[in-house]
Amino acid sequence: MKLSPRDGFAGIFAVTSKLVPLHFFCDVKCVQFRRFQAMKDQSTTSNRLYRKTIALLLLCVLLAGGCVQPAPACKISKRMEDTLHEESLTSETSDCAASETLLADNCVLQRAHEIASLIFPRNGDEVAKTLAAYEYVIAHTSFALPAGLDIWRVRGGGEKLSYLENRALSPLLFGVGSCEDYAAALILLLREGGIEARYVPGLTASVRGDFVDHAWVVACVEGMWYHLDPQLEDNVMRNNHLMLRYFLKSDMTMLADHRWGDNLIRFGGLTKEQISEVHTYYRPPACSQDAPAHEPIMLPEILMKSRAELEKALSDEMTAYERQHGALPPLALDIIPPVFGNAGYGDPAF
């Protein structure tokens, strides 16, 4: 424990009085007083020497009292608490600034952040956030080939988008995409809500009864892992009624028409390279139970641009950019689906 000069002798005495009994000081003072009375008719030089002796004795007592017992623990002062709080705020502000810079440089993450801020309920739990993200992706995405996968080079995406970011681009920005794009968009929105989510490549049953390559999501919601399949949910929806047939489901439920991970490997039809990729990267955690059922939801009608209108607008935007900045160099986009690649599995028309 440190004492500042402004604490003075009163502060020193307050500390040492806790360490040395008060009667000790009284005994010392009484002894010295009797000696002083006996020596008062000595010379001035002796008196001066005696006063120095007393001062030295008191100093030794004070020093000894401070060394015999360790100083008590100190509480952080209000001023220090304020300082630490300000430093914490400064750190948080720096982190936020870094995040804002990242968002500004990445049009896909920026769009995911904007959507999340609009759809997530205030003080909502993870189930509510997950349902909001699931509902949004289905309501605002039509099943079709993705569009504008390279438009981030004009709008901002850093040096290169990751696979998930590039596949989420089309549904989040333009409202179209395939199963891989639905899954990627849902993952980015869930992560914006602080929910861990992973991409699952696998198979699902087609309308003809055979299995075709597919992609969906597993997410950890309220401490439990579940499957979510937004594109297949969209596929089975009728008259805008969201039945939530593939929302927060267990392994047992999904096995009726899905294959993934180890059961995908056992299902067969994969190459050695595909088996290795699944075994190494795509074996999601076990989803042991279905979440409690939710009531069906009536989705609103969302007006979308026609495909022709969308492609023309994207072409005009790219042309205007290159006219001002020069032609963009060729770049291979990270958009090839894992495991199955562009060749797929089963019916390529699905």
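**Note on the structure: pairs, strands and buried residues**

1. Arg111 and Glu114 both sit in helix H5 (residues 107-119), three residues apart, which is about one turn of the helix. Helices (H or I, at least four residues) and strands (E, at least two residues) are DSSP runs, numbered from the N terminus. The two side chains form a salt bridge, with the closest N and O atoms 3.5 Å apart, where a salt bridge is a side-chain nitrogen of Lys or Arg within 4 Å of a carboxyl oxygen of Asp or Glu. Arg111 is partly exposed at a relative accessible area of 27%, and Glu114 is likewise partly exposed at 34%; the terms used here are buried for under 20% relative accessible area, exposed for over 50%, and partly exposed in between (1.4 Å probe, protein chains only).

2. Before reading further, please keep in mind that this is a predicted model, in which local features need pLDDT of at least 70 and side-chain atom pairs count only at pLDDT 80 or more, while totals for chains, interfaces and linings use all residues. Residues are numbered from 1 along each chain as its sequence is written, and side-chain values use heavy atoms, with hydrogens and water left out.

3. As an overview, the chain has 14 helices and nine strands, and buried residues make up 39% of its 350 residues. Among contacts between residues at least 6 apart in sequence, 67% join residues at least 24 apart, a contact being heavy atoms within 4.5 Å. Thr271 belongs to the loop between helix H12 (261-267) and helix H13 (272-281), and it is partly exposed, with a relative accessible area of 38%.

4. The count of salt bridges comes to nine. One of them joins Glu196 and Arg198, whose closest N and O atoms are 3.1 Å apart; Glu196 is partly exposed at 41%, and Arg198 is partly exposed at 35%. Another links the side chains of Arg307 and Glu311 at 3.0 Å, N to O, and these two residues are separated by about one helical turn because they lie four residues apart in helix H14 (residues 307-325). Arg307 is partly exposed at 32% relative accessibility, and Glu311 is partly exposed at 43%. Salt bridges that share partners also join Arg167, Glu180 and Asp181 into one network.

5. Strand E4 (residues 211-221) deserves a careful look, since eleven of its eleven residues are buried. Both of its faces are covered, with Phe211, Asp213, Ala215, Val217, Ala219 and Val221 buried on one side and Val212, His214, Trp216, Val218 and Cys220 buried on the other.

6. What are the partners of E4? The strand pairs with E3 (residues 197-205) in the antiparallel sense over nine bridges, and with E5 (residues 224-228), again antiparallel, over five bridges; two strands are said to pair if DSSP finds at least two bridges between them. Val200 stands opposite Trp216 of E4, whereas Cys220 stands opposite Trp225 of E5. E3 and E4 form a hairpin with five residues between them, in whose turn Gly209 has a positive phi of about 100 degrees. The hairpin of E4 and E5 has two residues between the strands, and there Glu222 takes a positive phi near 55 degrees.

7. How many disulfides does the structure hold? The structure holds zero, a disulfide being a pair of cysteine sulfur atoms within 2.5 Å. Cys220 is buried, with a relative accessible area of 18%, and its sulfur is 9.3 Å from the closest cysteine sulfur, in Cys287, which is too far for a bond.

8. Asp234, placed in helix H10 (residues 230-236), is buried yet has no salt bridge, and the nearest side chain of opposite charge, Arg238, is 7.7 Å away. Leaving aside residues up to four places away in sequence, Asp234 touches Ile138, Thr141 and Tyr182.

9. The whole structure contains six aromatic pairs. One of them is the edge-to-face pair of Phe340 and Tyr345, at 6.1 Å centre to centre and 70 degrees between the planes. Rings of Phe, Tyr and Trp (its six-membered ring) pair if their centres lie within 6.5 Å, and planes under 30 degrees apart count as stacked, over 60 as edge-to-face and the rest as tilted. Both Phe340 and Tyr345 are buried.

Key: Lys, Arg positive; Asp, Glu negative; His and termini not counted.
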